[in-house]
Amino acid sequence: MKRWIALLLCLLLVPGCALGEEMGFRFDLRFAMEAAGDPTAAALSELLDMLQVQGTYALQGDSFDLDGSFLLDGDEETRTGLRLYGLPHRWYLRSPLLGNETAMLDMVAALEFGIKIDAHLALSLQNLFLLLPYSHQSAFAAMREAAYPVLYARETTRSVTKKQLLTLCDTLLSLSQSDRAFTYWLQSVAGLSEHPEQVTSSIRANLAGMRDWLSARMDSSMSITVKNNQETWKLRKITVFQRTWDESGEHAHISLPKLPDGSSWEIDWQWTRDGDTASLLITADATREDGSTLMALRVNGNGLPVALPVNAPFTLTCEAAYAAEAPRTVTLTGEGWDGDVTVRLTASDGTRVRMEGTLLPWAPEVWPQWEDVIDDTWNIFSLYEHSLSDFVDAIARPMLTGAMPLLARAPVNVCVTLMDLATQAGLFQILQEPGAEAY
């Protein structure tokens, strides 16, 4: 159930969920949740039911700025400000709960941090971070930089020699073994399965065997052709990649037969736009050598809004199954009219979440254009021992003061659950360090 809470908050707050290069909107949203689970899940669900968030969001290029507040049960005494701003790779957070200190979130380390939190608190934050486009971009940044000069083609036909491709395979294998961002990405993706070691082994086997796989399937070169809004990659007579595009959308197809781990892959991606709505269809099928299913993925979206206000119904369904594991499904449905919007999330584990309120276009007086700032910030994902104690010492008094109205409004079982989570996190032990006795 915690994964669906993470998903909903991500859809609401993630800067990467952009509708354009320059966008701004004003929001006022409330939530309701039904979920089967343990007492902790029930308490967190009850807390979400009380939550209301309000504020504005602006995006220009890579710079974003979310300036908002949240309150419980509409009680103004519980209103707490929160500002989240920055760039895709580096976020900054300020709030009265932090004593207006600036917390910096270096997103390169997000998955590593999430895995550590999962190990200590069984709270799968890495699942939330996997929803961020930057987590995938950073994982493959080094590989993409190495592959770009070899595989990039303009409006022409070019040949990539066998030697170039085999050398690239060696480079990608080395990077996959040494790149920290990719290592934690692989661990996070594998953790979505009930058998993570199998997923890791399969991906590692494909990377290690890609050189021999290519060598056996190509002659002296691979042809890459870009012509008339179509890009095609061919090994001998096999088309391994093809992409077409026009003003209305884009379609891509990948075909990878008999990879080193014994699997074969067929992947389709299609995006089409019609005015202020769009459709999305992604299918990925992997089969073993014996023909049995290794993995199946379906993502289907219709009427997806690409501009505000939302004035039409829309649906987005994702279904994934790995090997013999039970399929997992998440469905988003929604509708809106003149700024009012309702979104419902239904998951295969029985979780149901509703978000409703207003989302209206809004233009700030000054659009955000942020630059990296490291000085005078707390790098949350890299706080250890003494620096963590210093951070807690700096925010302990405002956090306790600001939390009192929230705790007074929250039900007893919610308070107990929050205290239990704080105890598991070692927060009270940190507060006992020298310099924190006053709190």
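1. Gln-369 is placed in the loop between β18 (352–361) and β19 (378–379), where helices (H or I, at least four residues) and strands (E, at least two) are DSSP runs, numbered from the N terminus. At 66% relative accessibility, Gln-369 counts as exposed, in a scheme where buried means under 20% relative accessible area, exposed over 50%, and partly exposed in between (1.4 Å probe, protein chains only). The C-alpha atoms of Gln-369 and Gly-86 are separated by 8.4 Å, although these residues are 283 residues apart along the chain. Leaving aside neighbours within four places in sequence, Gln-369 is in contact with Gln-60 and Ser-63, contact meaning heavy atoms within 4.5 Å.

2. A word on the basis of these values: this is a predicted model, in which local features need pLDDT of at least 70 and side-chain atom pairs count only at pLDDT 80 or more, while totals for chains, interfaces and linings use all residues. Residues are numbered from 1 along each chain as its sequence is written, and side-chain values use heavy atoms, with hydrogens and water left out.

3. For the protein chain as a whole, the secondary structure comes to twelve helices and 19 strands, and buried residues make up 39% of the 439 residues. Among contacts between residues at least 6 apart in sequence, 50% join residues at least 24 apart. The accessible surface of the protein chain comes to about 23100 Å², of which 56% belongs to carbon and sulfur atoms; accessible areas come from the Shrake-Rupley method with a 1.4 Å probe, and for residues only the protein chains shown count as cover.

4. Turning to helix packing, two packed helices are described by the angle between their axes and the distance between the axes. Helix α6 (residues 141–151) and α7 pack at an angle of about 175°, with their axes 9 Å apart; axes are lines fitted to C-alpha atoms, for helices over the stretch in contact, and angles run from 0 to 180 degrees between N-to-C directions. The helices α6 and α7 are therefore roughly antiparallel to each other, given that angles under 35 degrees count as roughly parallel, over 145 as roughly antiparallel, 65 to 115 as roughly perpendicular and the rest as oblique. The contact is made by Ala-142, Met-143, Ala-146, Ala-147, Val-150 and Leu-151 of α6, together with Gln-164, Leu-165, Leu-168, Thr-171, Leu-172, Leu-175 and Ser-176 of α7. By class, this contact of α6 with α7 has ten nonpolar, three polar and no charged residues, where Ala, Val, Leu, Ile, Met, Phe, Trp, Tyr, Cys and Pro count as nonpolar, Asp, Glu, Lys and Arg as charged, and the others, Gly among them, as polar.

5. Helix α7 (residues 162–178) also packs with helix α9 (residues 196–217), at an angle of about 170° and with axes 9 Å apart, and α7 and α9 are therefore roughly antiparallel to each other. Among the residues that make the contact are Leu-165, Leu-166, Cys-169 and Leu-173 of α7 and Leu-207, Ala-208, Met-210 and Leu-214 of α9. By class, the contact of α7 with α9 has eight nonpolar, three polar and four charged residues.

6. Helix α3 (residues 110–121) and helix α8 (residues 180–190) pack at an angle of about 45°, with their axes 8 Å apart, and α3 and α8 are therefore oblique to each other. The contact is made by Leu-111, Glu-112 and Ile-115 of α3 and Arg-180, Tyr-184, Trp-185, Gln-187 and Ser-188 of α8, residues that divide into four nonpolar, two polar and two charged.

7. Gln-126, in helix α4 (residues 125–129), is buried, with a relative accessible area of 8%. Leaving aside neighbours within four places in sequence, Gln-126 is in contact with Leu-111, Gly-114, Ile-115, Asp-118 and Ser-188. The C-alpha atoms of Gln-126 and Gly-191, 65 residues apart along the chain, are separated by 9.0 Å.

8. Some backbone details deserve a check, since most residues other than glycine have a negative phi, and most peptide bonds are trans. Lys-258, in the loop between β11 (249–256) and β12 (264–274), has a positive phi of about 45° although it is not a glycine, and Lys-258 is exposed, with a relative accessible area of 56%. Asp-338, in the loop between β16 (328–337) and β17 (340–347), has a positive phi of about 50°, and at 52% relative accessibility Asp-338 counts as exposed. The peptide bond from Leu-308 to Pro-309 is cis, with omega near 0°, and Pro-309 is found in the loop between β14 (293–305) and β15 (314–322).
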